[in-house]
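Reader: Please take me through this model feature by feature, giving the general idea of each term before the case at hand.

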Amino acid sequence: MSIFGEVPQAAPVAVFKLTADFREDQNPSKVNLGVGAYRTEECQPWVLPVVRKVEKMIADDHSLNHEYLPILGLPEFRSSASKIALGEDSSAIKDKRVGAVQCLGGTGALKIGAEFLRRWYNGTDNTKTPVYVSAPTWENHNAVFSNAGFEDIRPYKYWDAGKRGLDLEGFLGDLESAPDHSIFVLHACAHNPTGTDPTQDQWKKIADVMKRKSLFAFFDSAYQGFASGNLDKDAWAVRYFVSQGFELFCAQSFSKNFGLYNERVGNLTVVAKDQDNLNRVLSQMEKIARVTWSNPPSQGARLVAITLNTPELFAEWKDNVKTMADRVLLMRAQLKEKLKALGTPGTWEHITEQIGMFSFTGLNPKQVEYMVKEKHIYLMASGRINMCGLTTKNIDYVAESIHEAVTTVQ
Amino acid sequence: MHQHEMSARSVFDGAVFMPSQMKLLEDFKRDTHPDKVNLAGREYVGEHGHTTWLPLVRKIKQQIATDPTLTPEYPPNLGIPEFTRRATELALGKDSPAIVESRVFGVQTVGCTGAVRLGAELLRSCYCSSSSWSGPILLSSPCDDSLAGIFKAAGIEDVQYYRFWDAESNGVCVENMVRDLENAPEQCLVVLFASGHRPTGAELSHEDWKRVAEKRQLFPFFLMSAQGLCSGSLEQDAWPVRHCVSLGLELLCAQSFSYSFGLYGERVGHLLCVLKQNLLAVQSQAEKIVQTLWSCPPMEGARVVATVLSNPAHLVDWQESVKAIAERCMLIRERLRERLRLLGGPWQWDHIIKPGGLYCCFGLNTQQVEFLVQKKHIYLLPNGCLNVSAINSRNLDYVAESIHQALSSKL
C-alpha cells in the first residue's frame, strides 16, 4: 500500500499545456502566442548581447569563488536592483530605509514577501488578513499567497471587458470597501494579462484611497523597461507611492528585461519608515529565506550586478531593453493596422493602447478555440496574446485569422 | 483636497529583531587574531585554506558561456531532465529496481535546503491524503539548526527527536536510536543521513542500517549532501538509500551537489521520490508546489553537473576528485589523532578516524568550546563539532595543542 495512493492529479498549468500542445502540432503555419517570453523577429529566444558579454567575463574571471552567497544575497546586486526600481536619487535610499532580499525570480520575491507579511504584518501570524489580487491577474499570484498561509484571497475589479479598459470605478470601489490594512498586489507596469495600466492620475486616486485606509501596497514589477522602453517611466507608479510616504514591497524580476529566465534573478525591495524597522524586517526575511532555499544562486545576480554597476554595460543593457520594447511596439502597431485594413468588426485601439508583452484581444472563448483548433494559433483562453510571438512573417496570417474568428464565430 | 498624513508608526513595528543566522561566521570575520581558524564552516576547504575550484568545472562553465545553442528559456518546473535523470541514477544506481519499474521521479531544487523544503511541503500535502498531515517528524539529536525550521515552515509543526549521537561513547548509540524509532507513532516521518551526518560526521554500519530499516512503519527522508565524500565511493555512501529501496520502501532523498562539485553558490540540489504507485499524480503535486516556491530552478549549476555526469571521461575525472577530497579528509583525521595522542593525556581519539567526510564531533563541553573560541580564536560549533577540512599543515599543531589545552585546563 502506498502512502501516496490517494493523491489526486493536479490540473496542468494552462500556459504550459498550451506550449506543450503547440510543440506537438505539426502544422507548418502554427504560431505560439501563449507563453510570456521575448522572441526575436525569427521567433527565437534572444540572449541579450550585453548578457553574452558579461557571461564570458564571469566565466573567465578566475578570482571568483563558488562559495555560498549571503542568505540575503549578493549585496551589490541587491542595492543596484533597488536603485533601478526607486531611482538613482531616491530620497528613501538616501535615508537608509530601503533594503532588499535577492530571491529566486519574481516568484521567489513574492514568496518571501508573502511569508513575511503572513507572520509579522497586521498582528502576528494573522492568516486572515485579506489579500487582494486584480481580476484577472497572473495565475500564480493566488497560489503563492495561499501557500504562504493567507486564507482570504480576493479579486479586486480591474478589467472592464465591455469597454476593453481599466474599470477604475470598480477598482476604487473595492479599495474603499476593503477592510483596513488589507494587502493589495499591484502590477507596477505592463499588467499581466491585460496590458492595461492605470494612468498617472488614476494611480494618484488609487494611492489616495490606499493611504486613507492603510492598505498595504505589494508591487509586482516583472517588466520594468520592457513596457515603454524606458526604465524610469515604467517605475513611475512605485516611485510615486514611495514619495507619498508608503511603506511597501516591490517584487522585481529580471527574467524578462535581462532575458535571464533560466537563472532566476529576482529582488524583493523593501521600503520602510526608518532604518530600525528596515533592519528588523530584513532580519526576519533572512530567517525565512534560510528555510526556503538557504542562499540564492550566484550566476544571474552576478551578471545583473556587473551590468548595472558598470556604466558602459548599463548603457548597453538599456539599449538592448529598448530593442525588445520597440519590436513589441512595432508589432502592436502593425497588427492594429492590418485589422483595420481588413475591416475587422470592433475597435482595435486597445492593441496599441495596451502596454508590455501582452494584449487582451477581446476574443471570446469560442473564438479562441477556433484560432487554436482551426488556425493553429495558440493563445490563452482569456484571449491574451504575447505580442512577442508575432513576426513580420506571420502577422498577416494572424490578422486574417483573427478576422475570420471575429466574423464567423460568435 | 485633504491630504491624509501617513501614520507615524511603521506597519512593520510588530516585527521582532532576529539575530543573524550566521553569527559564528560573522564573529570569525571580525576577529583580527593572526592564528584564527574557522572550523565551523559548511564548505569543504582545501589545503590552501579556501574552497576549491574543480578545473573540470571551470572548463565546462566556459563552454557553457560561449555555447551559442544554449538558450535562456524557462526550464521545466521540475528542472533539466538530463540532470534529474543523472542525479537519480547516481543515488540509486542505474539498475535500481525502482528506476526500471518507473517508480521514481526527481526534481531539480535550489540546493539541499530547497530539496528538503519541497519534500516537506509534498509530504504535508500528500501524506496519507487525509486532511493536511502535520507530523510527527523525527530528526536526529543533534542535527543542523535550520532543519527543524524548514519542516515547520512547510507546515509540519510536530517535530521530535530520536537519540543519535552519544557523548559518552563519542559515537552513535544504535540501541537508543532503534528504540526511539520503535516507539515512534505509525507512519512517522524520519530524517536519516547518508554520506555522513551533519554536524557530527557519524555513520552507521551496514548492520546498523539493516536494523533501522526494519522499522517498516516509518517513512524515511534521507539527507545525502555529500555522496562520495565520506568513503570515497559513490556506491558505498549511497548504500543506506539503496538498501531501503531494495526492501521495497517508499522514501524521499534530498541530494546536494555543492560539496562534490564545489558549486555551493550555484545551489544545485535534487529531491528524489521513490514511490510504490501513483507517480504521475504525486509528480503533478510537486510541480504545483514548486510554482509557489521558485517557479523553476536556476540552470547554471545543474547544467555543469549534467554535463559531467553524462560524459564518461568527465565522470571518471570527477570521481577521482571526489575520492581525493575524501582521502584528504581521512588523512587530516589521522594526523590530528596522531598529534593529540602524542600530546598525551587519558583521552581516546579513535572516534576521530572512524567516520569519513567533513565533519567530526569532539567530546568537548560548553566551557571547553567557549575557551577555544574566545581564548584560542578557533571557531567550532557550540556542541563541539567541527569541519576537519579547514585543518591544514599550517594550523594542525595549533589546533591540536589548543584542544589538548581545553581538555586539560581547569575551566
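Author: Let us begin with accessibility: a residue is called buried under 20% relative accessible area, exposed over 50%, and partly exposed in between, with a 1.4 Å probe and protein chains only. The model is a predicted one, in which local features need pLDDT of at least 70 and side-chain atom pairs count only at pLDDT 80 or more, while totals for chains, interfaces and linings use all residues. Residues are numbered from 1 along each chain as its sequence is written, chains are lettered from A and ligands numbered from 1 in the order in which they are written, and side-chain values use heavy atoms, with hydrogens and water left out.

Reader: Is B:Lys23 buried, partly exposed or exposed?

Author: B:Lys23 has a relative accessible area of 48% and therefore counts as partly exposed. B:Asp27 is likewise partly exposed, because its relative accessibility is 21%.

Reader: What joins the side chains of B:Lys23 and B:Asp27?

Author: They meet in a salt bridge, with 2.7 Å from N to O; the term stands for a side-chain nitrogen of Lys or Arg within 4 Å of a carboxyl oxygen of Asp or Glu. Because B:Lys23 and B:Asp27 are 4 residues apart in helix α1 (residues 23–30) of chain B, about one helical turn separates them. Helices here are DSSP runs (H or I) of at least four residues and strands are runs (E) of at least two, both numbered from the N terminus.

Reader: Are B:Arg117 and B:Glu121 buried or exposed?

Author: Both B:Arg117 and B:Glu121 are buried. Their side chains form a salt bridge of 2.9 Å, N to O, and the two residues lie 4 residues apart, about one turn, in helix α5 (residues 111–126) of chain B. B:Arg117 and B:Glu121 also belong to a network of salt bridges whose members from chain A include A:Lys111, A:Glu115 and A:Arg118.

Reader: How far apart are the closest N and O atoms of A:Lys340 and A:Glu349?

Author: In that salt bridge the closest N and O atoms are 3.3 Å apart. A:Lys340 is partly exposed, since its relative accessibility is 46%, and A:Glu349, at 32%, is therefore also counted as partly exposed. Over all chains, the whole structure holds 48 salt bridges.

Reader: How much area do chain A and chain B bury between them?

Author: The size of an interface is often given as the accessible area lost when the parts come together. Buried area is summed over both parts, using a 1.4 Å probe, and chain A and chain B bury about 7,300 Å² between them, 56% of it on carbon and sulfur atoms. In chain A, the residues that lose the most area to chain B are A:Phe4, A:His66 and A:Tyr68, together 13% of what that side buries. Chain A brings 82 residues to the contact and chain B brings 85 residues, where contact means heavy atoms within 4.5 Å.

Reader: Which residues have the most contacts inside the largest nonpolar core?

Author: A nonpolar core is a set of buried Ala, Val, Leu, Ile, Met, Phe, Trp, Tyr and Cys residues joined through side-chain atoms within 4.5 Å. The largest has 122 residues, and those with the most contacts inside it are A:Leu268 and B:Phe151. Its largest share, 8 residues, comes from α5(B). Beyond four places in sequence, B:Phe151 touches, among others, B:Val116, B:Ala120, B:Ile156 and B:Phe221.

Reader: Where is A:Ile377 placed?

Author: A:Ile377 is in strand β12 (residues 377–378) of chain A, and counts as buried because its relative accessible area is 0%. A:Ile377 and A:Lys30 are 347 residues apart in sequence, yet 5.6 Å apart in space, C-alpha to C-alpha. Neighbours within four places left aside, the contacts of A:Ile377 include A:Val31, A:Leu33, A:Met371 and A:Tyr397.

Terms used:
Buried area is the accessible area (1.4 Å probe) that two parts lose on being put together, summed over both.
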